[in-house]
Amino acid sequence: MKLDETKLTAYLLGEITDPEQCRAIEEALAASPDLQRKAEEIRVLQNHLQDAFDAESYTPAQFTGIPVNFPKLNLEDQKSSPFHWLPLVSGLAASLALVCAFVLLDFGSSDPRGSVIVSDPGNTLADPVALENFDLSMIRSDLLGGSATWSDSQVLAKSPFYKLALESMMLPAASDVSGHGDTFLSAFQKPYSEVPLFWDGFGMTRLELALGRGKLPEPDAVQVEALVNAIVYDYETPEEPEEPFALHMEQTESPWTEGQTLLRVGLQSYDKPLESPRNSNWVFLVDVSGSMDEPDKLPLIKAGLNALAESMSPRDRVAIVTYGGSSSVHLTSTLGLDRQRIIDSISALDLGVGSDTDDGILEAYRIAEDSYMEGGNNRVIVCTDGDVMLGVRDSRQLQQTIGRFAEKGITLSAYGFSVGLGRHDGIESLAKIGEGGFGYIDSPLDLKNSFAGRLTGEVTTLARDVKLEVEFNPEKVESYRLIGFEENNEEQPLLVDSRPSTLEVFPGHTVTALYELIPSEILQDPKSQGAEIAALSEPVEEEPVAELVTVRVHYQPEGRTQEELIEVLFSGEPSPFEEASDDLRFAAAVTGFGQILRNSPYKGDVDFNWVLSTAGGAVGNNSGGTRTQFLEMVRQAEAITNSDYSAADK
Amino acid sequence: MSLVDTPIMEHKPSDELRPDQEAESHDLSRALLRYVDRLTPAQQEVLRLKFQSGLSYKEIAEVTDKSVNHVGVILHQALKRLKAHLTDSGETIFNEL
């Protein structure tokens with residue numbers, strides 16, 4: 001019998017129970033020394049894997065992370081570990097000692113993975129008031145002539161954060177981030193940390209609206225990374241598009257926990273428009289099903305398409321296919337030159353009956369292929385209110401098709417119109433398989449920038465498949481915590497297996513991530529420890545290791561298939577906090593503020609006063625007015641908290 | 001010695017190792033875990049469900065909503081990948097074979 005290796009593995013793991021098959025496999029093995037060797041290799045590997053997993057001192061609460069629950073915990077208390085020579089983790093400030101999250105695994109439950117129970121101590125702030133979901137319908141109705149609520153509009157109108165969010169085309173947080181949550185991870189066990197490149201661009205605005213209404217936000221709703229990234233930093237930009245990313249690291253003492261440090265990792269991309277923008281071949285796939293019959297749905301899409309028709313270049317092409325009705329080709333691929341024809345066809349878009357999503361998508365790809373532009377920007381763009389996958393007959397087949405076309409150079413993007421500001425995994429997953437972009441449009445305000453501007457801006461994609469990775473050196477770092485970027489609380493079923501995100505990065509994109517580090521106290525003199533081990537075994541060549549972290553950006557430059565890598569080693573002692581740069585001190589102040597609002601166990605003993613004085617002293621250039629606006633928000637939060645307390649006294 | 005007789009999943013008690021062996025195995029475990037982290041999320045999940053939680057292919061298939069065959073393929077690919085990482089980095093554990 002021809003024995004394939006997958007079957008061999010299965011047999012070795014005891015998965016094959018049929019005696020006939022077992023006999024056949026054994027015969028095949030006996031006859032082939034080569035197979036025997038392969039089998040032995042698998043066996044050896046399995047044993048070592050088993051050892052490695054057993055040796056993990058902490059049982060993972062989820063499969064993509066190995067949380068170190070509390071640095072305070074003595075490693076020796078865990079189940080027997082061969083690593084007893086690791087020292088006790090350095091003690092922490094008393095504030096941390098007050099907060100313990102106990103993670104218990106219940107192996108008796110029917111779920112084979114066990115269940116995780118986390119108990120959380122009570123918060124110390126005044127009772128949090130629930131944050132109503134940021135509802136842009138007020139803006140919508142405002143602009144479309146309905147009844148208006150001015151206070152929210154006024155807040156948004158004067159908010160530089162809102163303007164920046166619209167202008168800079170930020171996307172909602174990537175949903176497949178391997179969640180670090182608010183926990184420290186061991187640098188020894190999990191030295192690699194991936195920094196998400198995107199976050200909720202409206203995170204700061206949500207906070208503004210809550211404060212504008214005189215309320216503190218719900219702790220879980222505060223997204224620290226969104227606050228930190230809403231501020232404009234003065235990073236130097238790369239000179240050449242050939243090296244499109246610059247990394248800016250800085251380390252300082254943690255202002256809220258003694259003995260710990262803050263590491264800022266900043267990514268700044270080349271920010272000038274690229275030399276020769278490509279022409280576009282767009283095929284819009286518009287949802288005309290019943291649910292689109294709202295004044296802020298199909299009409300909004302039509303307005304968006306009009307905005308695009310006005311800004312597209314004569315050499316670009318656009319076609320429109322509808323679905324959710326009798327899927328039909330509404331407009332065949334037309335050059336921008338023929339503007340009137342495009343505008344007329346947009347006017348004529350109307351609702352249909354029935355549903356035929358699969359055919360609609362295939363039709364759109366067919367058109368994109370027929371008018372394919374060599375070296376151009378070829379895209380299918382799905383426009384819907386969110387129910388995009390409901391009418392699909394065969395989703396696996398569809399996903400495969402979309403993935404195949406993406407490989408062939410026809411990407412798929414997805415836009416949700418009037419979906420509201422919650423995440424909608426259907427749209428995001430679709431865009432991810434299609435390797436295109438995604439976005440949410442809620443008002444005519446968004447169209448010019450977030451929709452038309454985005455689409456015409458996509459011809460200047462800088463890079464795709466960008467992955468920002470930080471590797472910690474366990475000899476310098478005991479454990480680390482990525483601040484913010486917690487996974488969204490709602491469980492939404494994902495369409496596909498989590499695949500690496502292949503979102504695109506445009507010129508000027510910047511991201512700032514803050515890590516809190518617990519430095520390693522082992523090995524003041526690495527050589528003495530090494531010498532002990534060396535005496536007992538073969539001498540091993542040790543590389544001199546002095547860096548704190550190695551930061552890497554993997555990316556694929558637009559238009560090329562070769563993957564590139566930028567790698568930077570960062571070392572050095574942390575500066576005293578007062579000597580850190582304006583950018584870092586301000587970011588720390590914003591983080592401190594976010595942690596107070598979240599009632600984070602790591603917030604230490606900083607308060608609003610500390611935030612105000614720290615941020616106030618680090619205003620720097622105040623680019624975009626974001627820093628003074630932030631100070632305003634902190635004062636508001638302080639006033640709200642004080643009035644809550646004085647009300648409680650009565 | 002027939003491979004059938006050899007217990008595959010027998011766990012070597014770590015405290016029976018000599019200190020130098022312990023250090024070596026510590027390095028290897030650490031390297032292995034690092035490589036595991038480099039696998040795709042699907043591979044990592046299946047690997048851990050198998051070797052950490054001790055589920056059978058069938059149980060893994062149920063939990064991850066895949067077919068049993070698919071699970072077998074993912075697991076095999078994961079092991080193959082790990083082996084390649086180890087060999088590339090100069091690991092000698094396969095040399096005695």
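Chain A has an accessible surface of about 28,400 Å², and 50% of this area belongs to carbon and sulfur atoms (areas come from the Shrake-Rupley method with a 1.4 Å probe, and for residues only the protein chains shown count as cover). The model is a predicted one, in which local features need pLDDT of at least 70 and side-chain atom pairs count only at pLDDT 80 or more, while totals for chains, interfaces and linings use all residues. Residues are numbered from 1 along each chain as its sequence is written, chains are lettered from A and ligands numbered from 1 in the order in which they are written, and side-chain values use heavy atoms, leaving out hydrogens and water.

Of the 650 residues in chain A, 54% are buried (under 20% relative accessible area, with a 1.4 Å probe and protein chains only). The chain holds 19 helices and 18 strands (DSSP runs of H or I with at least four residues, and of E with at least two, numbered from the N terminus).

One open sheet of chain A has 4 strands in the order 5-14-17-18, paired antiparallel (two strands pair if DSSP finds at least two bridges between them). Its edges are strand 5 (192–195) and strand 18 (564–570) of chain A, each pairing on one side only. Strand 5 of chain A is joined by 4 bridges to strand 14 (residues 463–472) of chain A, and Glu194(A) stands opposite Glu469(A) of strand 14.

Turning to confidence, chain B has a mean pLDDT of 73, with 67% of its residues reaching 70 or more (pLDDT is the predictor's confidence in each residue, from 0 to 100). For the complex, the predictor gives an ipTM of 0.77 and a pTM of 0.53.

Note on methods. Buried < 20%, exposed > 50% of the residue type's maximum accessible area, 1.4 Å probe, protein only.
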